[in-house]
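Please keep the sequence and the structure in view while reading.

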Amino acid sequence: VQLQASGGGLVQPGGSLRLSCAASGSIFSIPTMGWYRQVPGAQRELVAINTGGSTNYADSVKGRFTISRDNAKKTVYLQMNSLTSEDTAIYYCNAFIKTLPISPLVQHWGQGTLVTVSS
């Protein structure tokens, strides 16, 4: 199983970006998909998560970021609007995946994609 993230880059303050993360491999179900971010010297923090259609966001991104999923494509998206310099970080996608009906949930991480918000 692999998670492949894309969509990061350089954007000006106030701009928007959309991140994508596609899961591939032998997959039975993906109950949970989400996004985390990390800046150097800090812990990785939750940005947004989707579990069974329910979503939760970090307070710092509420009203600006939107997480969505395309279950047929096994893909999770993060639409980021009104970006500020404080959103600069490496963004990691995360998923809990079952490879078989009776297998346990296993946590997987994508490789990270850098988002830089700067003028």
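The model is a predicted one, in which local features need pLDDT of at least 70 and side-chain atom pairs count only at pLDDT 80 or more, while totals for chains, interfaces and linings use all residues. Residues are numbered from 1 along each chain as its sequence is written, and side-chain values use heavy atoms, with hydrogens and water left out.

Lys74 lies in the loop between S7 and S8, where strands (E, at least two residues) and helices (H or I, at least four residues) are DSSP runs numbered from the N terminus. The phi of Lys74 is near 55°, a positive value in a residue other than glycine. Most residues other than glycine have a negative phi. Ser82, which is found in the loop between S8 and S9, also has a positive phi, near 50°, and with 40% relative accessibility Ser82 counts as partly exposed.

## Salt bridges

Side chains of opposite charge can pair when their charged atoms come close. How many salt bridges does the structure hold? There are 4 salt bridges, each being a side-chain nitrogen of Lys or Arg within 4 Å of a carboxyl oxygen of Asp or Glu.

One of them joins Lys62 and Asp59, whose closest N and O atoms are 3.1 Å apart; Asp59, at 65% relative accessibility, counts as exposed. Another joins the side chains of Glu45 and Arg37, with 2.7 Å from N to O. Is Arg37 buried or exposed? Arg37 is buried, with a relative accessible area of 6%, whereas Glu45, at 36% relative accessibility, counts as partly exposed.

## A link between distant parts of the chain

The side chains of Asp87 and Arg64 also meet in a salt bridge, at 2.7 Å from N to O. This pair links distant parts of the chain, 23 residues apart: Asp87 sits in the loop between strand S8 (75–80) and strand S9 (89–98), and Arg64 sits in the loop between strand S6 (54–57) and strand S7 (65–70). Both Asp87 and Arg64 are buried.

Which residues are linked in a network of salt bridges? The network links Arg37, Glu45, Arg64 and Asp87.

How values were computed
Buried < 20%, exposed > 50% of the residue type's maximum accessible area, 1.4 Å probe, protein only.
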